[in-house]
Amino acid sequence: MKRFSVFFALAAALASLAGCETMDKTWTATKQTTQGYYKEYLNTDPTIDYEARDWTSSEGKLADLFAPVDKPLYRLSIALNRQDAFPEDAWVEALLAANPWLSGLAVATLGGEVVLQRPETALKPLNLAPALAYGQALADRRLRAYVDMTPLGPEIYLATGMFRGNELVGAITAHFDIRNVIEASPEPGALVVATPEELIWAGSDDAAARAVSAQPWAEILAERSFGRFVAEGREYIWLCRFLGDHKIIYATASVEDDTGEESGFSFFGLF
């Protein structure tokens, strides 16, 4: 009887182990299958489509072209807005790593002494004079932006005041070449970027670049922040965004089959 009990217990244990093994295999297979579905349908790897697109509306075309360019500028503005003291090395390295399109970062006293520069040498001459010219006005903690037109192309600067306690002592300035960030657009050649004063990215459409440059932007922007205009029989659509206190205009040729009527598309849902 005792032997029978031992035999029965051993058989039950072996059956249990077999069941556990089967359950383990089933669980592993189920887990792998579930992860596969999750990866394929819910959490797919991001991809970027660099092929020219068949846009059906002018608003959709402009949104696709400018949003990937404007969003990094917006994130940079937020990062600089949060920094009002002399930046530590870790902050500088994190900012440059998160924004590899930046040409660099510079910190200067109000007297013009550059106390930090990354990288230490720049391809274009560093021009902090316009930022420092604001002087005590930087104490309002608003971001300032300006464009330095150099022989090597336009360099855009974004500056904020630097404080020691509540005392304004200098400026923190990030700068970049628009050509570096414009590459994020799915079709950079179709996009024109300008300020009210000058063209900073002409794209590959000469007619569009001429048309945008010829517009009286100071008058237009006094009344509107987006719209359309016609030049030489061709329609263009545009939108104005702020970088600091500076206005940036994004424009492109309208879609040919577009009626020119409001489509209900909202640019503001992109941000």
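The dialogue below goes from the chain as a whole to single residues.

Q: What kind of model is this, and how are residues numbered?
A: This is a predicted model, in which local features need pLDDT of at least 70 and side-chain atom pairs count only at pLDDT 80 or more, while totals for chains, interfaces and linings use all residues. Residues are numbered from 1 along each chain as its sequence is written, and side-chain values use heavy atoms, with hydrogens and water left out.

Q: How many helices and strands does the chain have?
A: Helices (H or I, at least four residues) and strands (E, at least two) are DSSP runs numbered from the N terminus. The chain has seven helices and ten strands.

Q: In what order do the five strands of the open sheet lie?
A: Strands of a sheet pair through backbone hydrogen bonds, either parallel or antiparallel. Two strands count as paired if DSSP finds at least two bridges between them. Here the order is S7-S6-S10-S9-S8, with antiparallel pairing. Strand S7 (199-201) and strand S8 (226-231) are the edge strands, each pairing on one side only. From one strand to the next, the twist averages 30°. Axes are lines fitted to C-alpha atoms, for helices over the stretch in contact, and angles run from 0 to 180 degrees between N-to-C directions.

Q: Which helices pack on that sheet?
A: Contact means heavy atoms within 4.5 Å. Helix H2 (residues 58-81) touches S8, strand S9 (234-243) and S10, and its direction makes about 15° with that of S9. Helix H6 (residues 206-213) touches S6, S7, S8, S9 and S10, at about 60° to the direction of S9.

Q: Is strand S5 mostly covered or uncovered?
A: Buried means under 20% relative accessible area, exposed over 50%, and partly exposed in between (1.4 Å probe, protein chains only). In strand S5 (residues 167-177), ten of the eleven residues are buried. Across the chain, buried residues make up 39% of the 271 residues.

Q: Which strands pair with S5?
A: Strand S1 (residues 102-109) pairs with S5 in the antiparallel sense over seven bridges, and Thr109 has Gly170 as its bridge partner in S5. Strand S4 (residues 153-164) also pairs with S5 in the antiparallel sense, over ten bridges. S4 and S5 form a hairpin with two residues between them, and Gly165 in the turn has a positive phi of about 70°.

Q: Where is Lys124, and is Lys124 buried or exposed?
A: Lys124 is in the loop between strand S2 (114-118) and helix H4 (129-132). Lys124 counts as buried because its relative accessible area is 9%. Leaving aside neighbours within four places in sequence, its contacts include Glu155, Asp177 and Arg179.

Q: Which backbone angles deserve a look?
A: A cis peptide bond joins Arg118 and Pro119, with omega about -10°; Pro119 lies in the loop between S2 and H4. Arg141 has a positive phi of about 65° although it is not a glycine, and Arg141 sits in the loop between H4 and strand S3 (144-150). Glu232, also not a glycine, has a positive phi near 55°. Glu232 is in the loop between S8 and S9 and counts as exposed, at 72% relative accessibility.
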